[in-house]
Amino acid sequence: MFVEHTHFNLKRTLFLVLTVLMFQRSFGTTCYSCIVVSDQKTIDKADLNLRVTDKIKGKIVDESKVAISGAAITEVNTSNTAITNSSGEFEFSCLDYKSKTAAAQKNFIAVKLASDSIASQKVKDRNLPAAWQQGFLDIHFIETGRGNASFMVFPDGTTMLLDAGDLQTEEFYKKNSPLKVSPALPTDKKRPGEWIAAYIAQIMPKNRALTIDYAMITHFHQDHYGSVNAQTPYTANGAYQLSGIADVGTQIPIHKLLDRGFDYPVDLHTYYSKDATFTNYVKFIKEQEKRKDFIHEALKAGSNSQIGLLIQPKSYPDFSVRNIKAGNKVWSGIDEQIVNCFSDSDMPQKGFNENPLSNAIKITYGAFTYYSGGDNTGYEGLGYPGRKNVEPAIAKAAGRVTAMSLNHHGNRDANNRDFIEALSPEVVVQQSWCSDQPGQELAFRLVEKNSRGDSIKVFNTHMLPETRIYLGGWITKAFKSLNGHVLIRVQNGGGTYMVYVLDETKEKLEVMKTFGPYVIR
């Protein structure tokens, strides 16, 4: 009996070869048989069923690591089994082989290109991973300690920024003490918007000018688009103040800026007329509109054309961005049709909460799928004032995904059990900045198996000491990381992906841990 299959879609003309590698038992280590499937024909596609088994004892092997060394390539046959662990991770080390034929050596290298990384290890070389290249989908989660920010480089080099938080900590403490806020990261020498721009400059594709093709603000809260007060600096011409998205957009030009719009549930120009941050955001837009190449739009729920590849769209037909939700509108799952996730009458005209109005998108690249939905909520009632349970409608539209960013930073009013089970992610990134993130009940759900029967790989961008105490070591030890920027890199046309954890305390980006490659299920 084998563990659940995983699938690896190989690119055209990739040579596959089957090699049997036998390993002896030493120091109590199980003796494994590692078989890598292949033939030498040119093919359009191949599904490689990867399974874990102990060929010697006939038992299922579910190890976190498989060390391979001293292997001798001796024969070629037609089996279609390869060794991984139960999470579908290739975890090879110390590959030292002897080939009897040149063909065997060539084919072994072809397989090795897709599967030679060492997973879940601290790295000695702390430089950034190889620079983005054509065909990669990079998703960066940037930790500043002041809110959400993620930056994406699509397979053709098109770029997108999702949120740019800049929380006012003094205001937060007055309202929410004794909760604690993350320190300013990497330091307080720059504003969060400056750090976000500096991060983007380090990882921008070399063939692109420093530019942001798309920027999307999920909703109008400080930790997602900025905050201003009397001390916030102005631009040189005094047009607006520098915070959050306005700060980033001043340093790096934005071509299309998307948000949830200004007309729901009421006219926001009037409703937020005394909100200094919102009025500053409007001033920023008006100033940018003086540029001919700037566009501001409300996200259109259901659309899969509002955000797309701008450089080589025909080269990547399996890539798309679907707008899942905007305001109370959610994609129906059919064409670009939309439905309401709650009625207009259910949303108060005064005192409404921005969170359940958040935008949400789903990115698809081959077999890889990613969901991000701002601060959408999954509970409502007396204990959750202003919240709406919009997660059932989102889950129906989004379906299963490979990776996701937690709704509302992992707070206890979001990511309900049905939502997590419906999306069934393999990887979860929690963009946190407060000591009550994640809620303990959610943390329990995240360390359980997903609906596919696999452990969820959870990456927290900065978990405070207080949070680690109330969660306890039993839960925190199950997380893959508790601090650091996170990079998800999707390769092989959406067939495999890596996860990197970068040091959020350093100005120059450095890798702390590497995970994968993971094979898309």
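What covers the buried residues of helix H7? The cover includes helix H4 (222-225), helix H5 (244-251), strand S8 (254-259), helix H6 (268-271) and strand S9 (295-298). Contact here means heavy atoms within 4.5 Å.

Before going further, some ground rules. This is a predicted model, where local features need pLDDT of at least 70 and side-chain atom pairs count only at pLDDT 80 or more, while totals for chains, interfaces and linings use all residues. Residues are numbered from 1 along each chain as its sequence is written, and side-chain values use heavy atoms, with hydrogens and water left out.

**The whole protein**

The protein has twelve helices and 20 strands; these are DSSP runs numbered from the N terminus, with helices (H or I) of at least four residues and strands (E) of at least two. Of its 521 residues, 58% are buried, where buried means under 20% relative accessible area, exposed over 50%, and partly exposed in between (1.4 Å probe, protein chains only). If you look at contacts between residues at least 6 apart in sequence, 69% join residues at least 24 apart. The exposed surface comes to about 22100 Å², and carbon and sulfur atoms supply 51% of it; areas come from the Shrake-Rupley method with a 1.4 Å probe, and for residues only the protein chains shown count as cover.

Asp275 caps the N-terminal end, with a side-chain oxygen 3.0 Å from the backbone nitrogen of Thr277. Thr277 is itself among the buried residues of H7, a list that also includes Phe278, Tyr281, Phe284, Ile285 and Gln288.

Helix H3 (residues 192-203) has twelve residues that should span 16 Å, and its end C-alpha atoms are 17 Å apart, which agrees. Its buried residues include Trp195, Ile196, Tyr199, Ile200 and Ile203. An α-helix has 3.6 residues a turn, so residues three or four places apart point the same way.

**An open sheet**

Eight strands form an open sheet with mixed pairing, in the order S12-S11-S10-S13-S14-S15-S16-S17. Strands S12 (338-340) and S17 (457-460) stand at the edges with a single partner strand each, so one side of each is left without a neighbour in the sheet. Neighbouring strands are turned by 20 degrees against each other on average, direction ignored; the axes are lines fitted to C-alpha atoms, for helices over the stretch in contact, and angles run from 0 to 180 degrees between N-to-C directions. Two strands count as paired if DSSP finds at least two bridges between them. S13 (residues 360-365) and S14 (residues 368-372) pair in the antiparallel sense over five bridges, and Thr364 stands opposite Thr369 in S14.

Some backbone angles deserve a look.

| Site | Angle | Loop |
|---|---|---|
| Tyr264-Pro265, cis | omega about 0 degrees | Pro265 between S8 and H6 |
| Gln437-Pro438, cis | omega near 5 degrees | Pro438 between S16 (427-430) and H10 (440-446) |
| Asn415 | phi about 60 degrees | between S15 and H9 |

Conventions: Polar contact = N/O pair within 3.5 Å; in protein donor to acceptor, adjacent residues only side chain to side chain. Expected span 1.5 Å × (residues − 1).
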